[in-house]
Amino acid sequence: MRLHRVFVSELKPEVWLSPSESHHLKQVLRVKLGQKLIVFNGKGLEAEAEVSELEGLKLALCLGEIKASDVESAWRLILALSLLKGDKFADVIRQGTELGVVGFIPVLSQYCDVREFKEGRLERYKRIAQEASKQCGRSLIPDIYPLHQLADLIHLPADLKLVAHPYSHLTLSESLAGYEVDKTLDILCLTGPEGGFSPKDLENLKLESSEIHSFKAIQLGKRILRAETAPIALASAILLPQGL
Ligand code: SAM
């Protein structure tokens, strides 16, 4: 049987859970004294644990050996995506987390219909990423970055920077040729809003330049994907082959 997973920011030999987590485990999941669980720290470490104390609303866990999770790939993919209408950004975080994405950057680009990014939204996205990690068996919770202007992405370091653009001739497999799946690789991928990228956006990504931080434009097939489909198609195509 799959063990319940619990997020704990600090892994110590004995951990007392927060009242809300204790309540969830006791009242909703009905855990018992001695029951085995998996705890994870959101940074890729995890340990098997046993319920060692159940006192009123409080619950303690006794941790076994701490080890690195074996479900993370050597390719570390960060998805930067333009702000999207409705709750589509949250859907991309859920699905991208399941696929193994390690970070999400909300981006304001010229043709974004949505231009407002409220304070509380980052916290909500972080909770969504934590919940999705827990459910899919990851011990790493993807980072949710603050809002970036598209022009700022050029300064971010990565081994490979790709922007999905329907009018590019370069395919994803051509852009990944030569990179080995078992070697660490930091990839930053950008996808656009419902209205696509403006000429100014593309200029800001320095597509034709040989600068170290410039982007390469790639196409994702001959059909136009919806703005919320493109990041998930891209993450699947990069991370799923060879069991990444
Ligand atoms: N009319 C827009 C255009 O001309 O770009 C379509 C935008 S599309 C709905 C939203 C985003 O998804 C695009 O900015 C791009 O990042 C990505 N996208 C959609 N289809 C794509 C494709 N076939 N190849 C590469 N990127 C694609």
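Modeller: We can go from the overall picture to the ligand, the core and then a few single residues. This is a predicted model, in which local features need pLDDT of at least 70 and side-chain atom pairs count only at pLDDT 80 or more, while totals for chains, interfaces and linings use all residues. Residues are numbered from 1 along each chain as its sequence is written, and side-chain values use heavy atoms, with hydrogens and water left out.

Biologist: How many helices and strands does the protein have?

Modeller: The protein has six helices and twelve strands, where helices (H or I, at least four residues) and strands (E, at least two) are DSSP runs numbered from the N terminus. Along the principal axes, its C-alpha atoms fill a box of roughly 60 × 40 × 30 Å.

Biologist: And what share of the residues is buried?

Modeller: Of the 244 residues in the protein, 47% are buried; buried means under 20% relative accessible area, exposed means over 50%, and partly exposed is in between, with a 1.4 Å probe and protein chains only. The protein exposes about 12,800 Å², and carbon and sulfur atoms supply 52% of that area, as computed by the Shrake-Rupley method with a 1.4 Å probe, where for residues only the protein chains shown count as cover.

Biologist: Let's turn to the ligand. Which residues come nearest to it?

Modeller: There are 19 residues around the ligand, and A164, Y167, L220, R223 and L225 come nearest; a residue is near a molecule if one of its heavy atoms lies within 4 Å of it. By class, this shell has eleven nonpolar, six polar and two charged residues, where Ala, Val, Leu, Ile, Met, Phe, Trp, Tyr, Cys and Pro count as nonpolar, Asp, Glu, Lys and Arg as charged, and the others, Gly among them, as polar.

Biologist: Which polar side-chain or backbone atoms lie by the ligand's oxygen atoms?

Modeller: A polar side-chain atom of Y167 lies 2.8 Å from an oxygen atom of the ligand, and a polar backbone atom of G192 is 2.9 Å from an oxygen atom of the ligand. On the nitrogen side, a backbone N or O atom of G221 lies 3.1 Å from a nitrogen atom of the ligand. The ligand taken alone exposes 560 Å², of which the protein buries 87%.

Biologist: Now the inside of the protein. Which residues have the most contacts in the largest nonpolar core?

Modeller: That core has 40 residues, and L77, L79 and I238 have the most contacts inside it; a nonpolar core is a set of buried Ala, Val, Leu, Ile, Met, Phe, Trp, Tyr and Cys residues joined through side-chain atoms within 4.5 Å. Among the elements that give two or more residues to this core are strand 6 (75-82), helix 2 (88-99), helix 3 (119-136) and helix 6 (229-239). A second, separate core of 18 residues includes A158, V163, L188 and L205.

Biologist: What does L79 touch?

Modeller: Leaving aside neighbours within four places in sequence, L79 is in contact (heavy atoms within 4.5 Å) with V92, V101, G103, F104, I105, C189, P231 and A235.

Biologist: And S82, where is that one?

Modeller: S82 is found in strand 6, and it counts as buried because its relative accessible area is 0%. The side chains of S82 and S109 are joined by a polar contact of 2.9 Å, meaning a pair of N or O atoms within 3.5 Å; within protein, one must be able to donate a hydrogen and the other to accept it, and residues adjacent in sequence count only if both atoms are side-chain atoms. Not counting residues up to four places away in sequence, S82 also touches F89, V107 and F197, among others.

Biologist: Changing topic, is H169 buried or exposed?

Modeller: H169 counts as exposed because its relative accessibility is 74%, and its place is in the loop between strand 10 and helix 4. Beyond its neighbours within four places in sequence, H169 is in contact with E174 and Q219.

Biologist: What about S175, buried or exposed?

Modeller: S175 sits in helix 4 and counts as buried because its relative accessibility is 3%. With neighbours within four places left aside, S175 contacts L160, L162, L170 and I218.

Biologist: Last one: what is the phi of R30?

Modeller: Phi of R30 is near 55 degrees, a positive value in a residue other than glycine, and R30 lies in the loop between helix 1 (19-28) and strand 3 (36-40).
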